[in-house]
Amino acid sequence: MTPAPRAPGALAAWLLAASAGLLALGVAVGSMGWEPLLDETGAGLTILWEIRLPRTLGAWIAGALLGLSGAVAQGLFRNPLADPYLLGSATGAALGVALLLVMLGAAPAITAAWLTSLGLTGAAFAGALAAVALTLALARGVQHTLRLLLAGVIVGMVFGALASLVIFLVPELLRSMQSFLLGTTGYLGWASAGVLAVVLAACGAAGLAASRALDALALGETTAASLGVPLARVRLALVAVIALATGAAVAHVGLVAFIGLMAPHLVRALTKPTHRWLLPLSALAGGLLLLGADVLARWLLAPRELPVGVVTAVLGGAYLLALMQRRSW
Amino acid sequence: MLQPAPAASADRRPATMHRIVREGGKGMRRRPLHAVLLAGLLLPLAMAVHAVEAIDDRGIRVELPRPPQRIVSLMPSLTETVCALGACERLVGVDDYSSWPPSVAALPHVGGLEDARVEAIVALQPDLVLVPLSSRALPRLQALHLPVLSLEPRTLRDVRRVLQVLGPVLQSGDPDTVWQDINREVQMAARTLPPRLRGMRVYVEVGSTPFAASEGSFIGELLMRLGAENIVPAALGPFPKLNPEFVVRADPQVIIVERTDAAGLRARPGWQGIEALRRNRVCALDPEQMNVLMRAGPRLGAAAHLLVDCLEGRLAAGGPGR
């Protein structure tokens, strides 16, 4: 079915190398398409340093957060279809952002970029947490996969509709929210990249700490409990990780589809790792995917820019379709 | 475009011209004597009820048994055009965003571009519905056999064309006079711009994602006639979504933006180095000013004056606070 599984370490090295290559490409692709700007004077350097580098890094980190969140969700809910979208957390985060913008006015007049960034992350985290909690409450726990997915879809729909309602009631929000709904990486600065990096470090550490518990969970809850996994606490912590990672990513790049679902599948198609490797590998793959989509989004029509969410949805849809064909589920 | 209806081509101008200019006493124009005589001769004919017809933006010929008396307009610029032609009192309903002239605020509002309420429109029993091409209500209204004229002004030339289609249909006002008034205002605005400000690099943001008004939009056309330089070329389409880096590299000297977005400009990565922001040359427009600028209708003369105010820094309010 798949080619011979590679060693996870080799795959990690390969993903890192590809990310580094894309990082260089991301710095070299600007508003006019390919233009490395190496020869230029101060102005060129400013653009590289102030715009392209933070944007490129920020896109990668946001993708890594989505990939990590997807891998954690799939492991925690023992469901290959669990992803930040299906659990409603992404739309919950969007609703949180919309409500915050209503309170602050359509364009927050806060001069400190990192404060805006932190505020948006907080609101998105709260929204995502509320959505996941509601999903879990509706599904009465995670035991029934079908009920969980249905509840996730319902919560996603309702929270999405509420976000639309907020936009309808406050039309000035429409243009600011449009970027969230389509996904955008255009305004990622150093402040955003910094906040995202801190969140990635925290979520990555928490995920790795819980990786053995996730492995045990793969064998079923009773087995996991008999292996001494404190199920309740681990679950709570991992739901928080999912909500935080998704919330931070959505707050900064908007509703970018498919990365969280696609990254873990991509990794599992290439190797058969335990969660200790799956989580970091999924993060690497997610970063690679979103950065690749971002570079494409600014390159294809430069200096016009495609919404990055459109690119990931097209690429992700095509990939999952191919996967379906190959596996004949 | 326009098919003059038989025997209805008489010059039936209203006694008082609708004022679109901002200055008080400049709207009156002397009419050539022969036109007055002709109007006098044909007046009895023109007063009679005649069928009117026009070809709209879909290329469809629309025939009406008589000049419309109950008009619903679903686009602010069309509402303003109807009023500029002196037929404001024949409007019975407008879309949610029509706000000028102030008298239309009292009319029933029947929804927006995406959510026009078909039932409310039908209930108004209009004998003409003016619908933008992009309205989702268009096919539905058509299917209900309402008389629909679909017009969507996107460029300066479109503004003139819409006037020339609507004038004969309404049998009211003189489209050429309205157009000349717009033109004169734009020229006057261009003359008031100090020569040192000609060729200024301008960036007009119409959406924070960011969407810009390029040289190809009517705002760009106005700027060009004022002698300013738009940083966004027409080749990108009228209102392209840009890579923000493009704006930083073009380094505009003036940024024109809606007031709610003005405060956030400095927080965008790399933007604080833009000349317009370093020199505080951000023109922050309030919603009413934005309406004047964003509607391709009879108030484009006022829009030109607004742009001159922007270029001269009279509306600069781009400080960090609000």
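In what order do the four strands of the open sheet in chain B line up? The order is β4-β3-β5-β6, and the pairing is parallel. Strands and helices here are DSSP runs numbered from the N terminus, with at least two residues (E) for a strand and at least four (H or I) for a helix. Two strands pair if DSSP finds at least two bridges between them. The edges of the sheet are β4 (91-94) and β6 (148-150) of chain B, each of which pairs on one side only. From one strand to the next, the twist averages 20 degrees.

A quick word on the ground rules. This is a predicted model, in which local features need pLDDT of at least 70, side-chain atom pairs count only at pLDDT 80 or more, and totals for chains, interfaces and linings use all residues. Residues are numbered from 1 along each chain as its sequence is written, while chains are lettered from A and ligands numbered from 1 in the order in which they are written.

Back to the sheet: β3 (residues 71-73) of chain B runs parallel to β4(B), and three bridges join the pair. Within that pairing, B:Ile71 stands opposite B:Leu91. Lying across β3, β4 and β5 (128-131) of chain B is helix α2 (residues 76-84), which runs at about 140 degrees to β3(B). Such angles run from 0 to 180 degrees between N-to-C directions, with axes fitted as lines to C-alpha atoms, for helices over the stretch in contact.

Chain B also has a hairpin, made by β1(B) and β2(B) with five residues between them. In its turn, B:Gly59 has a positive phi of about 85 degrees. The two strands, β1 (residues 52-55) and β2 (residues 61-64) of chain B, pair in the antiparallel sense over four bridges. B:Val52 has B:Leu64 as its bridge partner.

Zooming out, chain B has twelve helices and eleven strands. It splits into domain 1 (33-173) and domain 2 (193-311), with bounds that come from an automatic or database domain assignment. The C-alpha centres of these two domains of chain B lie 31 Å apart. Where they meet, 13 residues of domain 1 of chain B are in contact with ten residues of domain 2 of chain B; contact means that the C-beta atoms, placed from the backbone, lie within 7 Å. On the domain 1 side, α2(B) gives the most, with five residues. That side divides into six nonpolar, four polar and three charged residues. Here Ala, Val, Leu, Ile, Met, Phe, Trp, Tyr, Cys and Pro count as nonpolar, Asp, Glu, Lys and Arg as charged, and the others, Gly among them, as polar.

B:Val186, B:Ala189 and B:Ala190 of α6(B) make the contact with B:Leu222, B:Arg225 and B:Leu226 of α7(B).

Over in chain A, A:Ser117 sits in helix α4 (residues 113-138). A:Ser117 counts as buried because it has 25 C-beta neighbours inside 10 Å; the cut-off for buried is 20 or more other C-beta atoms within 10 Å, with 12 or fewer for exposed and partly exposed in between. Leaving out residues up to four places away in sequence, A:Ser117 touches A:Ala191, A:Ser192 and A:Val195.

Note on methods. Contact = placed C-beta atoms within 7 Å.
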